[in-house]
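Work through the exercises below with the sequence and coordinates open. Each task is followed by a stepwise solution.

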Amino acid sequence: MATLLLKNISALVTCDDEDRILRDADLLCKDGFITQIGQNLTCDADEVLDCRHMLCYPGLVNTHHHLYQIFSRNLPQVQNMELFDWLRTLYEIWKNLDSEVIRLSSLTGMGELMKHGCTTCFDHHYVFPAHAGDLLSAQFEAADALGIRMYASRGSMDLSKKDGGLPPDSVVQTVDEIMKDSAQLIETWHDPSRGAMHRIALAPCSPFSVSAELLRQSAILARQYGVRLHTHLCETKDEENFMLQREGIRPLEYMERLGWTGNDVWFAHGIHFNDEELRVLARTGTGVAHCPISNMKLASGVARIPEMLRMGIPVGLAVDGSASNDGSSLMEELRVAYLLHRLHSSADAPSGYDILKMATRGSARLLGRDDIGALAIGKCADLFMIDKRRLELVGATVDPASVLATVGVRGAVDYTVVHGKITVKDGHLVQVDEDRIAAEAQEKCRRYLEM
């Protein structure tokens, strides 16, 4: 039985049902789960850490990413584009993806996430070029090497340029091909058990790159297997106008007609919902992954997060793709989200602690998980710790629940623990050679961009 005992934690921000902050607390993990929280715990643990100067938090949960985009960030030709033109340009690069690009970009992106306190990553992968190899297996291989909890998706596109969509012909597939592969991947990788390290969702790309039949069949298959549904929605006004012209209705109504609302569905972005659509989300329990940095970079708009939270709409936090964020730090996203909504909503904005709960409990809810997102007995031992003696935190830790959003943390965390195993120590990844991965990834990226 693998055990880890954290002793004398200076402040343990639990994000539990009572919003407790425990001082000088001990936390015991056995076989990946939290078994005791208290003071003066004694156990002949495999590893004991003295945490008397540490602030401890539940692991952050990333609810929307595109890890493959690590190899196409900060490109000058797209820096001032908005979404549709940005996509059309980058698809010409993304059509050259292969399994090694996926493996190395996943190692890079998830490694960065972990170094900044993230313990669960959902990735929305929807580009499947012909003959590219087994891309999701490459992602799970990377996740297992790092020790992160991985929630992958079988994304999809079936409308190319010739069909009125945005991507080139080489990255779209037929509905039958997609459904067959989706079922096989669920049967191979999806683990519904408590504490699972691997799960799968079905995630057609967006209503403007997939057909109604693909959306309808994906919803049917997902519910047959008991997996969740995800897509982009209401990200831009261009998308709204596209759907009004093609279908004569707004994006959410279109998705609702195809079975795409409910507490097993969450949408990325959700910027341009109107009042009635917010009520639909609240009534059906349909969630939203908030991606503030990406939304700002692509000039997409500001999501109505304060109203969503007040209405009880499930909301989680996400970094989005690394080509529309240019990074993979959910820690940075916390502070940007806090500041953006303070600017936009003033006193109605979420507090710093509200934003932390969005990135932990809220994100876990989007993924349909009640075993992560809080530090409590019976939950997965997913957490991170920061030494409060850092120079940049001097005078800032009076309120440890809010400090990550209000002040922010520069650089890597001191420890990240996933399922009771230390995966980041002193700001460095434990289970892999960072320097080797960086060198391999840089060389692969160079060759990929030259194709």
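**Exercise 1: helix 15**

Task: find the residue that caps the N-terminal end of helix 15, and state which residues of helix 15 are buried.

Solution. Step 1: D433 is the N-terminal cap of helix 15, with a side-chain oxygen 3.1 Å from the backbone nitrogen of D435. The model is predicted; local features need pLDDT of at least 70 and side-chain atom pairs pLDDT 80 or more, while totals for chains, interfaces and linings use all residues. Residues are numbered from 1 along each chain as its sequence is written, and side-chain values use heavy atoms, leaving out hydrogens and water.

Step 2: helices are DSSP runs of H or I with at least four residues, strands runs of E with at least two, numbered from the N terminus. Helix 15 covers residues 434-449.

Step 3: I437, A441, K444, C445 and Y448 are buried (under 20% relative accessible area, against over 50% for exposed and in between for partly exposed; 1.4 Å probe, protein chains only). D435 and Q442, on the other side, are exposed.

Step 4: viewed down the axis, the buried residues of helix 15 lie within an arc of 105°, so they line one face. The arc is taken from the directions from the helix axis to the C-beta atoms. Their cover includes helix 1 and helix 2.

**Exercise 2: H116**

Task: is H116 buried or exposed, and where is H116 found?

Solution. Step 1: H116 is in the loop between helix 2 (99-115) and strand 8 (118-122).

Step 2: H116 counts as buried because its relative accessibility is 16%.

Step 3: beyond four places in sequence, its contacts (heavy atoms within 4.5 Å) include L60, S329 and M331.

Key:
The expected span of a helix is 1.5 Å times one less than its number of residues. A polar contact is a pair of N or O atoms within 3.5 Å; within protein, one must be able to donate a hydrogen and the other to accept it, and residues adjacent in sequence count only if both atoms are side-chain atoms.
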